[in-house]
Amino acid sequence: MVETHNGTSALGLNPRHWQIRLPTEWEWQWMAQNGTEARKYPWGAWDDQPRANTSEAGIAERSTAVGMYPAGQAACGALDVAGNLAEWCLNSYEDFEVATVDPKKQRSVRGGALNY
């Protein structure tokens with residue numbers, strides 16, 4: 001990223017304003033389905049293109065690095081939302097409204113695990 005004199009990127013983004021955290025289950029679902037479009041897969045409809053680490057890829061139950069399937073990216077640009085590994089969400093599994101980090105609470109998970 002190229003920074004300008006005031007610490008922002010050429011796109012006007014300032015890393016000091018970024019927030020890095022897990023998404024809530026709702027945020028994850030909204031991203032994966034492209035909002036109200038309610039896609040079945042992050043990229044849209046199923047086709048014969050290699051878009052995710054699925055059984056059709058023939059990788060035999062091995063995970064892959066993020067970015068190995070760029071054709072399967074969600075409309076927002078998120079990669080590997082389906083087919084590779086399940087991902088933790090911020091909210092509690094027992095109560096989706098509880099979105100705090102508590103090591104005693106089980107997290108919700110979303111996404112497709114390659115063997116699940």
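Asparagine 34, which follows helix 1, has a positive phi near 60 degrees. Helices here are DSSP runs of H or I with at least four residues, strands are runs of E with at least two, and both are numbered from the N terminus. This is a predicted model, in which local features need pLDDT of at least 70 and side-chain atom pairs count only at pLDDT 80 or more, while totals for chains, interfaces and linings use all residues. Residues are numbered from 1 along each chain as its sequence is written, and side-chain values use heavy atoms, with hydrogens and water left out.

**Overall architecture**

- Helix 1 spans 25-32 and strand 1 spans 87-92, while strand 2 covers 107-110.
- Of the 116 residues, 28% are buried, where buried means under 20% relative accessible area, exposed means over 50%, and partly exposed lies in between (1.4 Å probe, protein chains only).
- Among contacts in the chain with a separation of 6 or more, 44% are between residues 24 or more positions apart; a contact means heavy atoms within 4.5 Å.
- The chain exposes about 8400 Å², of which carbon and sulfur atoms supply 55%. Accessible areas come from the Shrake-Rupley method with a 1.4 Å probe, and for residues only the protein chains shown count as cover.

- Trp28, Met31 and Ala32 are the buried residues of helix 1. They fall within an arc of 95 degrees when seen down the helix axis, so they line one face of the helix. The arc is taken from the directions from the helix axis to the C-beta atoms.
- An α-helix has 3.6 residues a turn, so residues three or four places apart point the same way.
- Strand 1 and strand 2 are included in what covers the buried residues of helix 1.
- The largest nonpolar core has six residues: Trp28, Met31, Ala32, Ala74, Val81 and Cys89. Helix 1 gives the most to this core, with three residues. Such a core is a set of buried Ala, Val, Leu, Ile, Met, Phe, Trp, Tyr and Cys residues joined through side-chain atoms within 4.5 Å.
- Alanine 74 is in contact with Met31, Pro42 and Val81, leaving aside neighbours within four places in sequence.

**The loop between helix 1 and strand 1**

- Alanine 38 lies in this loop and has a positive phi of about 50 degrees although it is not a glycine. Alanine 38 is partly exposed, at 48% relative accessible area.
- Aspartate 80 lies in the loop as well, with a positive phi near 55 degrees. Aspartate 80 counts as buried because its relative accessibility is 7%.
- Most residues other than glycine have a negative phi.
- Threonine 54 is also found in the loop. Its side chain makes a polar contact of 2.7 Å with the side chain of glutamate 56. A polar contact is a pair of N or O atoms within 3.5 Å; within protein, one must be able to donate a hydrogen and the other to accept it, and residues adjacent in sequence count only if both atoms are side-chain atoms.
- Threonine 54 touches Trp46 and Gly83, not counting residues up to four places away in sequence.

**Cysteines**

- The whole structure has zero disulfides, a disulfide being a pair of cysteine sulfur atoms within 2.5 Å.
- Cysteine 76 is exposed at 54% relative accessible area, whereas cysteine 89 is buried at 0%.
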